[in-house]
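Reader: I am new to this structure. Please walk me through it in short steps.

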Amino acid sequence: MEIGESSYPRRHTRQVMVGSVPVGGGAPITVQSMTITKTADVEGTLQQIYALAAAGADIVRCTCNEIEAAEGLARIVPRSPVPIVADIHHQHRMALAALDAGVHCLRLNPGNIRKPEHIKLVAQECKDRGIPIRIGVNGGSLDPKLYEKHGGKVTPEAMVESAEIELAYFREVGFEDVKISVKASSVPLMIEAYRLLADTVDHPLHLGVTEAGPPPAGLLKATAGMATLLAEGIGDTIRYSLTADPVEEARAGRQLLEAMGLRERKNIDLIACPSCGRAEIDVIGVAKQAMEAFGDREIPLQVAVMGCVVNGPGEARDADIGIAAGNKRGHLFVKGRNVAVVPESEMVSTLVEWAEFIHEHGVEAAIARVDTAKAEREAEKDRALLLAEKGDDANASEQRVELIHKHLDN
Ligand code: SF4
């Protein structure tokens, strides 16, 4: 198995098309996010949609809560770089208006559009226009009747039943072009709800931990829930619901899928050592600078930032490119081979320049443009100097072990 490859079996589902983007049926798992602008603000919303797409969103949702929002969607959809989903709550009229605006998918919350005739009317319209619907069950807005029926609690069974009731209405008009989510803010609850749903239906599933909160806790909660399910083969499209700039949601979604080997790498995979007593630079600061310098550039390489030249190149030998500090200099290495030594202040810019070159021309061409023997000699000099200065035990571990024994033995 290659590094970064995934071996998770995917659950078999039917496929729906959200505009030109397939969801389910073996299609690559997609990333979604949602705009936080007023949808009536066409330019502001489009700007955010473009930022989300650049950060990794394949599909973007916008609220359609009033007539001005529907009008905004009519102007946004033709200019959007990705398919648009209209988020509908309470008013089925807004669903019909969003369809007239040309959206590629609707999201309906079965907890708050409850009249069967309204649900069936929207489903019939979607069927006639070939537009899919996401049934978006949310633990926090479950139909009160279901809540009561399930013992005054939100349970996985109640959430799945909510989706099934909605599906039954859709089937009455012959509409099955549906994906489903059963989100909850509790990670164990959403995991169980999705597992049960995956056993019950063959529709593609949209994963999420709702109202996960601000990062880093929100990121952890959402990742715990979604990654657990993805590793079980459950999930066809995902959304991080963070209390943060939605660009962070899109980026996190993309990064999760890439980290799990479920999507091809688009941006860099930055690895960095945790730093230790041997570190010659502020590893945290340099790693942050490197992340900022690469930004959303489409350079799908593994890039390493290592605190010292003694262990760095060896520990990160599988990285495509990396930099390690030593003797106030930055030692650049490509696939574990030293290729250049630069002043510390140029570490990050050199890293970016080499990464761009490798991305364009390949590793061999990059290595061929330098005298690697010279770089290796320089690296060896700094490595030896550091070893002489700090020895093998830079963290003074052996002294600490002696101290432990000294205290224990007395
Ligand atoms: S030994 Fe060097 S590369 Fe490893 S953690 Fe310490 S500073 Fe980083």
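Reader: Which residues are around the ligand?
Author: A residue counts as near a molecule if one of its heavy atoms lies within 4 Å of it. The residues around the ligand are C273, S275, C276, A279, G307, C308, N311, G312 and E315.

Reader: What are these coordinates, and how are residues numbered?
Author: This is a predicted model, where local features need pLDDT of at least 70 and side-chain atom pairs count only at pLDDT 80 or more, while totals for chains, interfaces and linings use all residues. Side-chain values use heavy atoms, without hydrogens and water, and residues are numbered from 1 along each chain as its sequence is written.

Reader: How does the shell around the ligand divide by class?
Author: Ala, Val, Leu, Ile, Met, Phe, Trp, Tyr, Cys and Pro count as nonpolar, Asp, Glu, Lys and Arg as charged, and the others, Gly among them, as polar. On that basis the shell has four nonpolar, four polar and one charged residues.

Reader: What is the strand order in the open sheet of five strands?
Author: Strands (E, at least two residues) and helices (H or I, at least four) are DSSP runs, numbered from the N terminus. Two strands pair if DSSP finds at least two bridges between them. The pairing in this sheet is mixed, and its order is β11-β12-β13-β14-β15.

Reader: In β12, which residue is the bridge partner of D269?
Author: β11 (269-272) is one of the edge strands, pairing on one side only. β11 pairs with β12 (residues 302-306) in the parallel sense, over four bridges. In β12, the partner of D269 is Q302.

Reader: At what angle does helix α12 run to β13?
Author: Axes are lines fitted to C-alpha atoms, for helices over the stretch in contact, and angles run from 0 to 180 degrees between N-to-C directions. Contact means heavy atoms within 4.5 Å. Helix α12 (residues 347-361) touches β12, β13 (321-326), β14 (329-334) and β15. Its direction makes an angle with that of β13 of about 160 degrees.

Reader: Which are the edge strands of the sheet of eight?
Author: This open sheet has the order β8-β7-β6-β5-β4-β3-β10-β9, with parallel pairing. Each edge strand pairs on one side only: β8 (178-183) and β9 (206-207).

Reader: Which residue in β8 is the bridge partner of I133?
Author: Strand β7 (residues 133-138) and β8 are parallel and share six bridges. In β8, I133 has as its bridge partner V178.

Reader: Why is α1 called oblique to α2?
Author: Angles under 35 degrees count as roughly parallel, over 145 as roughly antiparallel, 65 to 115 as roughly perpendicular and the rest as oblique. The axes of α1 (residues 42-55) and α2 (residues 67-76) come within 10 Å and cross at roughly 55 degrees. That angle makes α1 to α2 oblique.

Reader: How are α7 and α8 placed, parallel or antiparallel?
Author: Helix α7 (residues 187-200) and helix α8 (residues 217-231) have axes 9 Å apart. They pack at an angle of about 25 degrees. That makes α7 to α8 roughly parallel.

Reader: How do the residues of the contact of α7 with α8 divide?
Author: α7 gives V187, M190, I191, Y194 and R195. α8 gives K221, A224, G225, M226, T228 and L229. They divide into seven nonpolar, two polar and two charged.

Reader: Which residue in the turn between β1 and β2 has a positive phi?
Author: Strands β1 (residues 15-18) and β2 (residues 21-24) run antiparallel, joined by four bridges. They form a hairpin with two residues between them. The residue with a positive phi, about 60 degrees, is G19.
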